[in-house]
Amino acid sequence: MRITRRTLLLGAGAGALSVLLASCTPEPEPTPTRTPTRSPEPQPTNGVPLPAASIRSTWTSDQYAFGAVSFVPAGVGAETRSALARPVDDRLFFAGEATDEEAPATMRGAIASGERAADELRDAAGDGERIAVIGAGLAGATAAARLNDAGFEVTVLEARDRVGGRVYSRVDDAWPLPPQLGAWLFGEADADLVQTLEAEDISVVDLAGSLWRSPDGDTDAVATESLTAAIATAQAAPVDSSVADALVAAGVDTADPTILALLALLSTASGAEAAKLSSWFAPPLPPTEPGAARDSLLPFIEHTLDGVQVGLNQPVTRLAYDDTGVSVRMGTGEALSFDRVVVTVPLGVLQEQGIEFDPPLPFANRGAISALAMGSIETVWLRWDEPFWNAEEAVWHTVGGDVGIRTWINLLPATGENVLVGIVGGDAAARFSELGKDEAITLALEALGPYAA
Ligand SMILES: Cc1cc2nc3c(=O)[nH]c(=O)nc-3n(C[C@H](O)[C@H](O)[C@H](O)COP(=O)(O)OP(=O)(O)OC[C@H]3O[C@@H](n4cnc5c(N)ncnc54)[C@H](O)[C@@H]3O)c2cc1C
């Protein structure tokens, strides 16, 4: 990959790229809290000591994502994703997790969408055409690499000062392993991807063992049958309903703490509240014992982009297209000309009209953009010099109590590091994202009360 930091690529129309300094707005970074390393100090309230380091994500308000992952609201068909993916006049092609019907909201789906869009473009294009790929996440990197291999002249334009998008491994001296602020967990369906990562010396560790705990102590693992059976029944109905309505129809008490714990877990995968999520197209519950990236995922993205021209700090603001090509306007006001463009920006950016289309997109694409929804998932990483917990299990679930984060990953058994990772989805994630840094860490520490030894 040739990444030119803070550069604007010019002259693509002439076939040669000249380089100019750009003055684009850098991405707002999640704020690491570099509290100095200190001896654990028991908190008066719940016995959880202050962490030595902490960092959290804010995807919900991130201007280049506006959310974490797409979901299908109740009453909206999953084929809406294919409508979103529909090429426009064989000039604009669409990729990104939201366009993938098979594995939306995942790394796998983003990669598949990049492959699909590249193939669609290749079938429509002439030899050696100039192609822009908007966005350097997994979908964009995959599409760009495939088109580059096919002999096109490819330029990736990325708004942030880094590649990877919603895959975001922070490399930071305060941490013995990189905090993963975006995607980093894998299930059985990700076996091929994990194999690819491991071939690139990116290790994926097993997170073994689940712990279910209430403020009063350990509880039995919450049975998932009531939720899966209610969803299965709703999926057989002639009309779609929300997951919450499916539970009510099945006679399940949606205020029961065990059901709330399950729904909190579901929202860490969908980003959605059960009241909004389609039961026809609900994602599965997260794997009980997932794999987790132990190393930075950045080398994987960089390797994918090997040999591709990438411009960072290049937010695209407008795409004007006709039957001769596409004019791409950047945040600086500069415009570049391409034969065709692959748009891989998140659904949230399209919904917030982060890119203006001229002429406006056809109804089918616009209808899909407004019908699909963007969910919230946030994560918080906390590190201590000494563990304050004594649980061996890697995945913790909190049942009951008034806590802001119910799902925790204990990285100590798999990595030897005293790190706990909180994951929260849905409305609770949106609220978490709005908190200031100190408030967010306080909320996380309060949520860990049941695990203080
Ligand atoms: C907190 C969190 C946890 C997750 N956990 C998992 C997990 O464990 N496992 C899993 O499989 N998936 C997970 N996902 C989902 C996964 O991260 C995504 O499905 C996938 O990374 C999306 O890739 P993408 O290329 O479609 O989009 P992105 O990665 O968002 O790439 C789009 C790119 O477009 C850029 N862009 C936006 N606007 C503009 C513009 N105007 N001009 C130029 N560039 C622009 C963005 O900066 C970004 O780089 C998680 C997501 C989040 C947020």
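**Ligand shell and salt bridges in the predicted model**

The shell around the ligand divides into 25 nonpolar, 9 polar and 4 charged residues, where Ala, Val, Leu, Ile, Met, Phe, Trp, Tyr, Cys and Pro count as nonpolar, Asp, Glu, Lys and Arg as charged, and the others, Gly among them, as polar. Residues are numbered from 1 along each chain as its sequence is written, and side-chain values use heavy atoms, with hydrogens and water left out.

Of the 38 residues around the ligand, those that come nearest are Glu97, Met107, Glu158, Arg160 and Arg166; a residue is assigned to these surroundings if one of its heavy atoms lies within 4 Å of the molecule. Polar contacts are pairs of N or O atoms within 3.5 Å; within protein, one atom must be able to donate a hydrogen and the other to accept it, and residues adjacent in sequence count only if both atoms are side-chain atoms. A backbone N or O atom of Met107 is placed 2.8 Å from an oxygen atom of the ligand, and a backbone N or O atom of Ala159 lies 3.2 Å from a ligand nitrogen atom. Arg160 contributes a polar side-chain atom, 2.8 Å from an oxygen atom of the ligand. Of the 1,000 Å² of accessible area that the ligand has on its own, the protein covers 95% (Shrake-Rupley method with a 1.4 Å probe; for residues, only the protein chains shown count as cover). Helix 2 (107–124) and helix 3 (138–149) are the elements that give two or more residues to the shell; helices (H or I, at least four residues) and strands (E, at least two) are DSSP runs, numbered from the N terminus.

The structure holds 12 salt bridges, each defined as a side-chain nitrogen of Lys or Arg within 4 Å of a carboxyl oxygen of Asp or Glu. One of them joins the side chains of Arg166 and Glu97 at 2.9 Å, N to O. Arg166 lies in the loop between strand 9 (153–157) and strand 10 (185–186), and Glu97 in the loop between strand 7 (92–94) and helix 2, so the pair ties together parts that are 69 residues apart in sequence. Glu97 counts as buried at 5% relative accessibility (buried, under 20% relative accessible area; exposed, over 50%; partly exposed, in between; 1.4 Å probe, protein chains only).

A further salt bridge, 2.8 Å from N to O, is formed by the side chains of Asp190 and Arg108. This pair links distant parts of the chain, 82 residues apart, with Asp190 in the loop between strand 10 and helix 4 (191–199) and Arg108 in helix 2. Asp190 is buried, at 9% relative accessibility, whereas Arg108 is partly exposed, at 30%.

In the salt bridge of Arg318 with Asp358, the closest N and O atoms are 2.5 Å apart. Here strand 16 (residues 316–322), which holds Arg318, is linked to strand 20 (residues 356–358), which holds Asp358, the two residues being 40 residues apart. Arg318 is buried at 18% relative accessibility, and Asp358 is partly exposed at 32%. Asp119, Arg122 and Arg146 are linked in a network of salt bridges.

Ala103 is located in the loop between strand 7 and helix 2 and is buried, with a relative accessible area of 7%. Beyond its neighbours within four places in sequence, Ala103 is in contact with Arg108 and Gly109, contact meaning heavy atoms within 4.5 Å. The C-alpha atoms of Ala103 and Pro283 are separated by 8.8 Å, although the residues are 180 residues apart along the chain.

Definitions and conventions. Predicted model: local features only at pLDDT ≥ 70, side-chain atom pairs only at ≥ 80, totals over all residues.
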